[in-house]
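I opened the notebook to go through this chain piece by piece. The entries follow the order in which I looked things up.

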Amino acid sequence: MKLKTKLFKYILTVILFVNSSLSAQTVTNTTTIIPQNKKIRVLFVGNSFTYYNNLPHVVSAMAKSQDIIIETKHSTVGGSSLENHWKSERGTQTRTMIELEKWDYVVFNNHSLSSIEKPEGFMDYGKKFADLVRTKGAEPIFMMTWAYKSNPLMLPEIEKMYKKLCETTNSNFVPGGPLFASSIKYRPNLELYHDDIHPSSNGTYLLGLAFYKYFTGKNVNAIPTNISTLDSNGQILYLIFMNDLDAKFFKQLVNEFTFKTLEQKVEPIPIVNPKQ
């Protein structure tokens, strides 16, 4: 009898275990987690609006400060348009980089006047690059540029054309120009320009926050005031020094500014409930 009793308890234990395992696989759970340590590769394509103050490195460094890996490279030539990049003019090698390397996202900024002076070319080459990027398994993103300091009236046409391009290509944009305009509205004495057209360190910091928010969907409050990375020798390389109050203002501005960000991928956490 003792042997039969032990055997019965063993069988009962196995049945309960199997039932619990099946329940864990079938129970629907709304709790989610964000996958950790996922690296994304981003190519920035454009001109001096992108390479001033090393915007791609700033974005990567901001992400790294939050233990997020955004590996960036850039294909930039001063004064270049997307037409120049498409035709491999002025020393650009953008199409080769897109063809031969694996990217998750490619960020494009066109010449600041292209949307105003050459709207057909702006649309045409923007669409060509969006199509090319997607054939390689990546997604295009457009950086909406800003008006010249001397001519704020440029922005409405720039904004209109970038929105038209993004609607046509089903792409997203990071609103650099509108963020500049909003900052100037609230704090006109906070200098965003190095000269009449290029971003100052303040301007690049603001853009970096916007890209961090776009790629992560996260609040930017934890981003450091001063941005640094490591050089090839493993030593600290400082990219941007910010005034604490100015950095706080930019963070609030980006947090409250509404624009599309990448959807965060989530995975279900199974709940084991033997009672069900």
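**Entry 1: a strand pair**

Which residue in β3 is the bridge partner of V42? I looked it up, and the partner is T72. Two strands pair here if DSSP finds at least two bridges between them. Helices (H or I, at least four residues) and strands (E, at least two) are DSSP runs, numbered from the N terminus.

Before going on I wrote down the terms of the work. This is a predicted model, in which local features need pLDDT of at least 70 and side-chain atom pairs count only at pLDDT 80 or more, while totals for chains, interfaces and linings use all residues. Residues are numbered from 1 along each chain as its sequence is written, and side-chain values use heavy atoms, with hydrogens and water left out.

**Entry 2: the chain as a whole**

I listed 11 helices and nine strands. Of the 276 residues in the chain, 43% are buried; buried means under 20% relative accessible area, exposed over 50%, and partly exposed in between (1.4 Å probe, protein chains only). I then took the contacts in the chain with a separation of 6 or more, and residues 24 or more positions apart account for 75% of them. A contact means heavy atoms within 4.5 Å.

**Entry 3: the sheet**

I traced an open sheet of five strands with parallel pairing, in the order β3-β2-β4-β5-β6. β3 (69-76) and β6 (172-174) are the edge strands, each with a single partner, so one side of each has no neighbour in the sheet. Neighbouring strands of this sheet are turned by 25° against each other on average, direction ignored.

For β4 (105-108) I checked both partners. β2 and β4 pair in the parallel sense over four bridges, and F44 has V107 as its bridge partner in β4. β4 and β5 also pair in the parallel sense, over four bridges, with F108 opposite F142 in β5.

Are the residues on the two faces of β4 buried or exposed? I found Y105 and V107 on one side and V106 and F108 on the other, all buried. In a regular strand the side chains alternate between the two faces of the sheet.

**Entry 4: helices on the sheet**

I found helix α8 (residues 155-169) lying across β5 (139-143) and β6, running at about 170° to β5. Helix α10 (residues 201-216) packs on the sheet and touches β2, β3, β4, β5 and β6; its direction makes about 150° with that of β6. Axes are lines fitted to C-alpha atoms, for helices over the stretch in contact, and angles run from 0 to 180 degrees between N-to-C directions.

**Entry 5: α3 with α10**

Two packed helices are described by the angle between their axes and the distance between the axes. For helix α3 (residues 55-64) and α10 I noted an angle of about 55° and axes 9 Å apart. That makes α3 oblique to α10; angles under 35 degrees count as roughly parallel, over 145 as roughly antiparallel, 65 to 115 as roughly perpendicular and the rest as oblique.

From α3, L55, V58, V59, M62 and A63 meet T204, Y205, L207, G208, L209, F211, Y212 and F215 of α10. By class, this contact has 11 nonpolar, two polar and no charged residues. Ala, Val, Leu, Ile, Met, Phe, Trp, Tyr, Cys and Pro count as nonpolar, Asp, Glu, Lys and Arg as charged, and the others, Gly among them, as polar.

**Entry 6: α9 with α11, and S183**

α9 and helix α11 (residues 244-256) pack at about 125°, with axes 11 Å apart, and are therefore oblique to each other. L179, S182, S183 and Y186 of α9 make the contact with F249, F250, L253 and V254 of α11. I sorted these residues into six nonpolar, two polar and no charged.

I picked out S183, in helix α9 (residues 176-186). S183 counts as buried because its relative accessibility is 0%. Leaving out residues up to four places away in sequence, S183 touches P188, L190, L192, L206, F249, F250 and L253.

**Entry 7: S228**

Last I looked at S228, in strand β7 (residues 227-230). S228 has 31% relative accessibility, so S228 counts as partly exposed. With residues up to four places away in sequence not counted, S228 touches A61, I236, L237, Y238 and L239. S228 and I240 are 12 residues apart in sequence, and their C-alpha atoms are 7.0 Å apart in space.
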